[in-house]
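I am opening a notebook on this structure. The entries below follow the order in which I looked things up.

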Amino acid sequence: MIGEIAYLLITAAARFDDEAYDAELRDAIAATPGRKCSLGALYTKVDHLETKGFFKTWMGEATPQRGGRAKRMIRVTPKGVTAAKAFYDAVTRVSRGVSWA
């Protein structure tokens with residue numbers, strides 16, 4: 001089973017379809033209350049998720065907005081979708097009947 005950070009990254013990347021890139025994922029994690037993620041930590045986690053087969057990455061086109069640097073594009077694989085769904089289902093199951101009010 002994947003952990004919370006992996007779930008957040010996979011879910012964030014899935015929102016962008018094939019257009020996700022590292023800075024967008026970092027911003028999505030930072031928008032989660034109580035979470036911050038440096039680019040170094042993000043790269044490490046993305047590499048780990050790619051090694052496990054949850055992500056596929058490639059270098060996109062260089063853009064003037066990035067000073068001619070290319071973006072590292074990220075796509076969620078079917079294996080990543082399955083892992084995120086399993087995490088979500090487990091949290092949903094264990095949370096039934098619990099009131100946090």
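Is aspartate 47 buried, partly exposed or exposed? I looked up its relative accessibility, which is 36%, so aspartate 47 counts as partly exposed. I keep in mind that this is a predicted model.

**Entry: salt bridges**

I found four salt bridges in the structure. In one of them, the side chain of aspartate 47 meets that of arginine 72, at 2.6 Å from N to O. I then checked where the two partners sit: aspartate 47 is in helix 3 (residues 39-51) and arginine 72 is in strand 3, 25 residues apart, so this pair links distant parts of the chain. Arginine 72 has a relative accessible area of 15% and is buried, because the cut-off for buried is under 20%.

Arginine 72 also forms a salt bridge with glutamate 50, at 3.5 Å from N to O. Glutamate 50 lies in helix 3 and arginine 72 in strand 3, so the pair ties together parts that are 22 residues apart in sequence. I noted glutamate 50 as partly exposed, with a relative accessible area of 26%.

I next looked at helix 4, where lysine 85 and aspartate 89 both lie, four residues apart, about one turn of the helix. Their side chains meet in a salt bridge of 2.9 Å, N to O. Aspartate 89 is partly exposed, at 26% relative accessibility. Salt bridges that share partners join Asp47, Glu50 and Arg72 into one network.

**Entry: helix 1 and helix 2**

How do helix 1 and helix 2 pack, and at what angle? I read an angle of about 120 degrees between helix 1 (residues 4-15) and helix 2 (residues 22-30), with their axes 9 Å apart. The two helices are therefore oblique to each other. The crossing is right-handed. From helix 1, Leu8, Leu9, Ala12 and Ala13 meet Leu25, Ala28 and Ile29 of helix 2. By class, I have seven nonpolar residues in this contact, no polar and no charged ones.

**Entry: alanine 13**

I followed up alanine 13, which is in helix 1. Its relative accessibility is 0%, so alanine 13 counts as buried. Not counting residues up to four places away in sequence, alanine 13 touches Ala20, Leu25, Phe55, Ile74 and Val76.

**Entry: threonine 77**

Last, I looked at threonine 77, in the loop between strand 3 (70-76) and helix 4 (78-95). Threonine 77 counts as buried, at 16% relative accessibility. Leaving aside neighbours within four places in sequence, I list its contacts as Gly53, Phe54, Phe55 and Lys56.

Technical notes. Residues numbered from 1 in each chain as written. Predicted model: local features only at pLDDT ≥ 70, side-chain atom pairs only at ≥ 80, totals over all residues. Heavy atoms only, no water. Axes fitted to C-alpha atoms, helices over the stretch in contact; angles between N-to-C directions. Parallel < 35°, antiparallel > 145°, perpendicular 65-115°, else oblique. Left-handed = near helix turned anticlockwise from the far one by under 90°. Contact = heavy atoms within 4.5 Å. Nonpolar A, V, L, I, M, F, W, Y, C, P; charged D, E, K, R; others polar. Buried < 20%, exposed > 50% of the residue type's maximum accessible area, 1.4 Å probe, protein only.
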